[in-house]
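This report reads a protein complex from its atoms, one topic at a time. The sequence and the structure come first, and the reading follows.

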Amino acid sequence: MVNWLLIALISWLSSQSSHYLITRSWSVVRATSLVSLIFICLFYFLPFEVARILSIAAFGGSLLGGTEPGKFTFKQMTVASFLYSLLFVSLIPWMKDFGGALGFTAFISCILTHYLKLFKQKSKGIKMKWVSKDHWS
Amino acid sequence: MSFQLFITKFLAFFFGCFVCHWLQLRFGVIPVAAAALTGFAGSFLHLPKFYDRKALHAALYAGSFAGMTSSHILLGLPYLLLISMIGTILFLWSRPYLNGFGGKLGTISFLSALAVMLWRSVW
């Protein structure tokens, strides 16, 4: 549980930092790789076993932050990081031999967040319609 | 023109894949550090505007993700070439779709690694 919370926190931090750099007109490749390198260097010197997993989580988190600016708000990016950490804990042990597994996990969490956003917008629209109908009758 | 486009993207993808894999095998660098180093160094490659610099950097970074694949799956140069070939085809095919979502390049590499794994299990 503590490990998962740490993973969620680190992936949130790395996704927000790479997303911040991208909004400052950095190229996606440079921003995500630099953030990953910083986190990897930070965790490399920590003597805990969980540090290695955290550096891997940070790498995937930075890829999540590579989302186009304006696509997600701060809250939506937080939701995406949370989903990513859940997927990371449950999926990565099964896919660790495959390159791109972290990116794939980040991509799934992005798509899920996007559909959650659409679903929320749709449900809001229906509610507003209902309220206005009720109001006028 | 389209053949030239394929070749340039293939070379970028293969270069990223090869360098990332080589860093792991030769110097024992952990896969995430190898991919991040390859991507960061590759993002400074200056090429003429004709070559669509951004797309080449993206292909190189996608290649570095593919290079993270375990050496149990990527057994040598032919497999590196195969994964780069599949990755480049997927990269070019997916260009108009799902742009702007983080992790798209990783997904391309993941699917290529999965395809190589399937290839190995079939042949």
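## A buried helix in chain A

In helix H3 of chain A, the buried residues are Leu54(A), Ser55(A), Ile56(A), Ala57(A), Ala58(A), Phe59(A), Gly60(A), Gly61(A), Ser62(A), Leu63(A) and Leu64(A), where a residue is called buried if 20 or more other C-beta atoms lie within 10 Å of its own, exposed if 12 or fewer, and partly exposed in between, with C-beta atoms placed from the backbone. Because eleven of the 15 residues of H3(A) are buried, this helix is largely enclosed by the rest of the structure. Its length also agrees with expectation, since at 1.5 Å a residue the 15 residues of H3(A) should span 21 Å, and the end C-alpha atoms are 21 Å apart; the expected span of a helix is 1.5 Å times one less than its number of residues.

## Basis of the model

This is a predicted model, in which local features need pLDDT of at least 70 and side-chain atom pairs count only at pLDDT 80 or more, while totals for chains, interfaces and linings use all residues. Residues are numbered from 1 along each chain as its sequence is written, and chains are lettered from A and ligands numbered from 1 in the order in which they are written.

The model scores ipTM 0.91 and pTM 0.90. Chain B averages a pLDDT of 91, with 98% of the residues scoring at least 70; pLDDT is the predictor's confidence in each residue, from 0 to 100.

## The fold of chain A

Chain A has five helices and zero strands, these being DSSP runs numbered from the N terminus (helices H or I, at least four residues; strands E, at least two). Of the 137 residues in chain A, 42% are buried. Among its contacts with a separation of 6 or more, 72% join residues 24 or more positions apart, two residues being in contact if their C-beta atoms, placed from the backbone, lie within 7 Å.

## Where the chains meet

The contact between the chains takes 30 residues from chain A and 32 residues from chain B. On the side of chain A that touches chain B, the elements giving two or more residues are helix H2 (28–44), helix H3 (50–64) and helix H5 (101–136), and the largest share, eight residues, comes from H5(A).

## Packing around Ala62(B)

Leaving aside its neighbours within four places in sequence, Ala62(B) is in contact with Phe13(B), Gly16(B), Gly87(B), Phe91(B), Leu105(B), Ile108(B) and Ser109(B).
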